[in-house]
Amino acid sequence: MEYSLLKESCSVYRTLCDSVSEQPVDIDISLPDYCPDIERILKCRLCPAVSSTAVVGERLDVDGASVVSVWYLDSRKQSIRLCEHTVPFSCSFELKEAAADAVPSVRIKTDYINCRAVSPRKLDIHGAFTVSAAVYSSGSEQYCTGIDAPDVRQRCRSIVISTLQGCTRQQFSLTEVLDIGKGKPAPEAILRSELSFTRGECRAIEDKLMLRGEAQLRVLYVTDIETGARDAMSFSVPVNQVIDVQGIDESTINDISVEIMSCDVGLRSEYDENSTLLTLDARLCALVFAYRDIELDVLDDAYSVEHELELTKSSIQLQRFVGCEDITVSVRDEMKTGENNITRVVDLWCDNVSSISSCSGGVLNIRGKMNLCLFALDSDGVPFCVDKAADFSATVECPDDGMNYNAKTEINVPSPSFRITGDNSIEIKADVHISASIYGSGAMRCVTSAIADERQRERDNAAALTIYYADEGESLWEIARRYCTSVDAIREENALSCDTAEGGMLLIPM
């Protein structure tokens, strides 16, 4: 005879794809006619970005472009010059199955970039980057919470899981005209631009998220093409955007991430040579998951006091989103410039920031690396470039409930500060802003079917009580199973408050 199980269904997110694709970059670049000859390469950077994603049936298509930026010293040894080349790319990922509500998440990491000048006007470039793609959709998981039978004694384990209420991926534009300000020379060319986003306090209402934050733009630009004179400027642009998320409300716990998909900074001086205006045209993408925690009592063991019971158990997956933690850690480091005596810093920034996380004893450890990049002038006024890798770390408390916790991180490093400490050394301080979305995953075995044998269990009904000598720490559940009684009855008869024996004589109600 098969017993009827009591079950509860919960909405969870399913991962339809979690894969990576390495994309090579192998190109030859010839300098445009307006660029002066190359004396020495200072730095090369590969910056890939996604322009579009599309889920078609059981496939995710990703399109984008890689911008190769080469900063070099011109043949007159007077100034930093920039040459850029854009290389389109596309890749596809297979999904486990098609889903109408599939939501993709794509991240890109530069692996390496090498640049060599084969002539004063030609560059040979080799590099690679990795596209990491994940596709999520909503699904349903059933949990057994009990057996509908009066003769069955049941043991449940209380768990907390996060149920998915809604998820979405929405792109939006950020377009601004920015003024460098009066008293500053007009820009004639952009040498380097960097856009980052810091999420502010967001508010959820029914089916909508009010996304707030701030975009920070730093621009290094040329004020005189002939001499190569430079200047830098930073801007802050407030961001307020309404994101449609079906199922989100004031009570949900929300995981919000914002990715900068593209950024183009241009000059308004194309129309007025004395203009101090810049144009910012960026495209951002918000990825939002809305969860609600529920507590379930999941059946993990049972026995019958009347029949022999055959149980089938299966492993179920547990998912939990704890929340987001915003952390700021300060990194101090010293950069040596080698044989170059430093007289002035032209620009200082961080790139290629990455991190990993691991959990132990209720503490989540986040460890990361970043690359410090320096443009400076030597004692002869000639520009040079130095790179240095730096480490950072942070810790976050997480529940010590047996789940394996990890963090999805968004890291923003605003312009570092510096102090020249010697002829060839500089002290750097960088504030690393970490936004960590903390997820837990685990598994437990629970009952999925219960079949009773028609034969009756043998019970000693000659006495109302049986004396049993228990070992210290012995499970009352196993004792109750052996004597066809219940844990509650043993506890009540012996005035116990826990589920294990203290050792010694126990009275077992029959």
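Analyst: β12 (253–267), β13 (277–304), β18 (404–412) and β20 (425–456) each give at least two residues to the lining of the largest cavity, where strands (E, at least two residues) and helices (H or I, at least four) are DSSP runs numbered from the N terminus. This is a predicted model, in which local features need pLDDT of at least 70 and side-chain atom pairs count only at pLDDT 80 or more, while totals for chains, interfaces and linings use all residues. Residues are numbered from 1 along each chain as its sequence is written, and side-chain values use heavy atoms, with hydrogens and water left out.

A cavity is a set of points, on a 1 Å grid over the protein atoms alone, where a 1.4 Å probe fits but cannot get out, whereas a pocket is an open set with protein on both sides within 12 Å along at least five of seven lines; lining residues have an atom within 4 Å of a point. One cavity of 30 Å³ or more is counted, and the largest holds about 80 Å³, a volume being the space filled by probe spheres set on grid points joined across faces, edges and corners. Its lining includes Arg107, Arg199, Asp255, Lys408 and Glu410, together with Phe289 and Ser437.

The second largest pocket has a volume of about 230 Å³, and β7 (152–179) and α2 (487–494) are the elements that each give two or more residues to its lining. The largest share, four residues, comes from β7. Among the residues lining this pocket are Arg153, Tyr303, Trp477 and Asp499.
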